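Here is a short briefing for a first look. Start with the picture, then read the points below it.

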Amino acid sequence: MSILEITLASQIWARRHEKREPEFLESDGLKILQRVAFAFLAFTLLIAGLNMAAGRPQMLAQQSVPLTER
């Protein structure tokens, strides 16, 4: 084989075996954002449900905590 034939065969083999990076589309970003928002919401509802089942719902600042001096 000549050098040209070897080069051409090498290029053909390389193109057949190359792995292309998947393209990032805007719709992919929106899907990721939706999944993160859904996971956050589901986790928040799970924690709230567990707190309600335990009979102690979380309240923000039910009463002020007195400062202790040392």
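The model is predicted.

**Whole chain**
- The protein chain holds two helices and zero strands.
- Of its 70 residues, 1% are buried.
- The protein chain exposes about 7,700 Å². Carbon and sulfur atoms supply 64% of that area.

**Helix α2**
- Helix α2 covers residues 26-53, which is 28 residues.
- At 1.5 Å a residue, α2 should span 40 Å.
- G55 follows α2. The phi of G55 is positive, near 80°.

**Surface patch**
- Which residues form a nonpolar patch on the surface? They are F43, L46, I47 and L50.
- Together these four residues have about 390 Å² of accessible area.
- I47, one of the patch residues, sits in helix α2.
- The relative accessible area of I47 is 35%. That value lies between the 20% and 50% cut-offs, so I47 counts as partly exposed.

Technical notes
Residues are numbered from 1 along each chain as its sequence is written. This is a predicted model: local features need pLDDT of at least 70, side-chain atom pairs count only at pLDDT 80 or more; totals for chains, interfaces and linings use all residues. Side-chain values use heavy atoms; hydrogens and water are left out. Helices (H or I, at least four residues) and strands (E, at least two) are DSSP runs, numbered from the N terminus. The expected span of a helix is 1.5 Å times one less than its number of residues. Patches are made of residues with over 30% relative accessible area and no salt bridge: like charges are joined within 9 Å, nonpolar side chains (Val, Leu, Ile, Met, Phe, Trp, Tyr) within 5 Å. Accessible areas come from the Shrake-Rupley method with a 1.4 Å probe; for residues, only the protein chains shown count as cover. A salt bridge is a side-chain nitrogen of Lys or Arg within 4 Å of a carboxyl oxygen of Asp or Glu. Buried means under 20% relative accessible area, exposed over 50%, partly exposed in between (1.4 Å probe, protein chains only).
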